[in-house]
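Work through the exercises below with the structure in view. Try each task before reading its solution.

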Amino acid sequence: MIYIDLILNLSLLVSLSIVSGFIENHCKISKISPNVALTLQGVLFGSAAVLGMMRPLILGPGLIFDGRSVMVSLCTLFFGPLSGVVASTITAAYRLLLGGVGTITGLSVITSSFIIGAIARFYLKPEKKPPSVRNLYILGFVVHLSMVAIVFLTLLSKGTGASVAMKIGPPVMLLYPLATILAGKILSDLLESRRQMCELQNTKGLLTSLLHSMYDIVFFKDINGVYLGCNKAFAEHLGLSIEEIIGKTDYDLFTKEDADFFRSNDKKMLKIMKPLHNEDWISYPDGRRRMIDTLKTPYLDSKGSLIGIIGVSRDITGYKKMSDIQEFLAQTISTTSNISVVNVVNNDDKRAIYPDNVVASSNAMPIQSFFETLAIYLAKTLEMDFVCIDRLEGDGLNATTLAVWSYGKFEDNITYALKDTPCGEVVGKTVCCFPANVAQFFPKDQVLQELNAESYVGVTLFSHTGKPIGLIAVIGSKPLHDRDIAESILKMVAVRASGELERLDTEAALLESERQLFQAQKLESIGRLAGGVAHDLNNMLSVIIGNAEMAIDELKPHQPAFNELQEIRKAAERSANLTRQLLAFARKQLITPKVLDLNAAIEDMLKMLTRIIGEDIELKWQPKDNLWQIKIDPSQIDQILANLCVNSRDAISDVGKITIETGMKTFDKDYCDQNPEFFVGDYVMLVVSDNGCGIDKGILSSIFEPFFTTKEIGKGTGLGLAMVYGIVKQNKGFINVYSELNQGTTFKIYFPRYIDESTPLIKENINNVAESCNETILIVEDEVAILHLSKMILQKLGYQVIAASTPKEAIRLAQEYSNGQLAQEQSSNVQFTKNNFDIAIDSSSNQTLQNNHCKIDLLITDVVMPDMNGRELARNIILIYPDIKVLFMSGYTADVIAHHGVLDSGVNFIQKPFSKQDLLEKVRKALVPFEILKH
């Protein structure tokens, strides 16, 4: 009977293990909290123990034996302390309910079973590795040995312990460890199966995540070409969902031509049963063309049977295009001059573009075939309809096209305004892209409207110094699918195009230098020729005038030939006057130089000049006190003033102002190195300025040529400025002209300072100028040579200098500097130490300009600049630095500038050209207005 009850208890244990596995799986599927699941397991094992206790082995009065110890120990081993406590609590509660003399013994057995199960869990760690049969047997043996020992000790005092132990020992120690093994093995297998299933699910999730995270396209289809599945990359490539692709064939997803190609490769691979590789251009229903590299391999099941095809594809369109671009650029490096474009321009069919924002147009031949070839190549490679390659103009507001490729043909090169165009957004940026709806963003751009533009990509062309010099723009009538590829290709070709454009600009600058040298040589040659002709003509005119006068003396006024001879004499005298002007230009007229004060010489001429220019024009005289002396023929001063004032008068259409000004300038070697037309030394300056119509830059280089004039026939000989030029050169001086259309003209003449050799010359020392207090100066000047020279002069004296070539750049740099640190690109090559402040400047690197007080002390700005003048710029900078000092500079006189409302009276002003001494004095005066500068 005992063994039957034991077998029934064992059956209960097996059933219990199965139900436990069911609870475990159900909790997993239902996503029940782990603590709830463990509690349920405890309830299950506790309930099973109670059922076992309902069919116990009654071995004697108060001695009940059942399978509770197996239940509690296994529950604690496999499910942990929480489940064990629940099972123990239920079992103990039922034992207390039963009562009787064996209550203490029963509770002791339950407690010992829990403790042994907890110890076994700690050492065996079943959640990581299922316990072996040996370990399960040891557990069962120890649990029941403990139980027998408790029974023996409990009954020992009654004298029945030994007999009871002998009675229950053999069946309990034989069967219950085996029951523990059986139930434990079932639970172990369930745990192992669950662990393997979890690992399998994790592996599946990992593979799925890996598959969908791949950049490459992955797909698999059956032997008939029906898609069984794919990754997200393939679905995104087609613009469909994975569900929409499954069950479809290539004929449903691609063009028939491409589908035939795919199916042909499928059959080849299935025939050879080996991986097959191919690459080709693929067309999509939306019009895209992509270069696809594909590897196909057999799809086999676990038994090695063929299921279908696995394919892995990679979109290599970008790589292919980049490779082609690199090859193209490599070829053009050595063949630029030989590149030709044949049969691409149809001059009979020009499309009208840029109708509103065009500033000027030209029908000239294309500048360089390289840019034309590049434009065609970009249009084809990027599949865009319009490609434009431009050179930026110096004002930063306009661009001139170098090549315009539009819908299969070239357009005329033009100059157009950047404002309200996407090209205006590109300038200064590495790349700028509008992948869609670009025409809506720039409704005023007529080109975009004409082209029905959808997409736009542009890049800036930079010089080696980082200055924007051009741009490339591509425009399409469809949205841009491959933004990254387009941007990468344009950034790559921009490097090559920048070098080519900079090479062209360098050649143009060299040609301009050659032209200027030729112009100087031409004037010199004309001067020598004019001197020779005038000398011989004077001799002939002397004969004509002399003979005419003798003939007149022989005739009476009423005789027929008298009046004719008088006209001959007058014409000869006028011709003699012309020869004197030619001699002045040739620097060969007879002169009597005298040491004089230029101020005094001009004051003697003022009344006559007032009569020459008329009452409607104001003549303003601004002499410099304590002017140095010069040595010159006084009559030449009269000729210079008369000719320049007459020119100024004719340039003023109505009322206006002419300003005559004197000054003193010292030009040092550094300045003269930057300005080859100047010579080192001290000079007295004569300035004649007007606010007339100005001189067009196209004819500025010709104004000193003899007989060149823009005046109407009979109103000028074209010798006035030629004579001024000759007088200045004859006296070893030089002349500069500054002019802007509709703003006025300024002539600056420099005569060498006269120094009496018997009087010791006291030279002014640049070192006497008050030294820098480590102030920070912002210089804004659109003439690069002047900007660099000024920066270098100030840095050598210890100033921190921030240089900007445009007002917009100056405002940006000022805002950045206010934050404490500014990366400033330096353009000189200087290293020095001043007041423990070290600066190393190199033209090929960016240096960081540190400051301690995070403010700019002085703004030095040109007055006439693009976008905004110096006064407007100063107002913007003052908003950032309210205490900043301002020093204006200009090639015009301060009086003429003030007359135009740019400067107020009493402001700090320095006139170009200026010497190092002049600049430093003005800077210290501006920074420390009440400081007495010692020279």
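Predicted model: local features only at pLDDT ≥ 70, side-chain atom pairs only at ≥ 80, totals over all residues.

**Exercise 1.** Find the residues that ring pairs link into a cluster with Phe667.

*Solution.* Ring pairs join Phe667, Phe679, Tyr683, Phe734 and Tyr750 into a cluster. Over the whole structure, a search turns up 20 aromatic pairs.

**Exercise 2.** Classify the pair formed by the rings of Tyr683 and Phe734.

*Solution.* 
- Take the distance: the ring centres are 5.0 Å apart.
- Take the angle: the planes stand at 65°.
- Apply the cut-off: planes over 60 degrees apart count as edge-to-face. The pair is therefore edge-to-face.
- Place the residues: Tyr683 belongs to strand β20 (residues 681-690) and Phe734 to strand β21 (residues 734-740). The pair therefore ties together parts 51 residues apart in sequence.

**Exercise 3.** Decide whether Tyr683 is buried or exposed, then do likewise for Phe734.

*Solution.* Buried means under 20% relative accessible area. Tyr683 has 6% relative accessibility, so Tyr683 counts as buried. Phe734 has 2%, so Phe734 is buried too.

**Exercise 4.** Describe how helix α20 meets helix α22.

*Solution.* 
- Locate the helices: α20 covers residues 634-651 and α22 covers residues 720-730.
- The crossing is left-handed.
- Name contact residues: α20 contributes Ile640 and Leu644 among others, while those of α22 include Leu721 and Ile727.
- Sort the contact residues: seven are nonpolar, six polar and none charged.

**Exercise 5.** Locate the charged end of Lys125.

*Solution.* The charged end of Lys125 sits over the ring of Phe122, 5.1 Å from the ring's centre. Now turn to Arg496: Arg496 lies over the face of Phe370, 4.6 Å from the ring centre.

Key:
Residues numbered from 1 in each chain as written. Heavy atoms only, no water. Axes fitted to C-alpha atoms, helices over the stretch in contact; angles between N-to-C directions. Helix = DSSP H or I, 4+ residues; strand = E, 2+ residues; numbered from the N terminus. Left-handed = near helix turned anticlockwise from the far one by under 90°. Contact = heavy atoms within 4.5 Å. Nonpolar A, V, L, I, M, F, W, Y, C, P; charged D, E, K, R; others polar. Phe/Tyr/Trp six-rings, centres within 6.5 Å; stacked < 30°, edge-to-face > 60°. Buried < 20%, exposed > 50% of the residue type's maximum accessible area, 1.4 Å probe, protein only. Lys NZ or Arg CZ within 6 Å of the ring centre and 35° of its normal.
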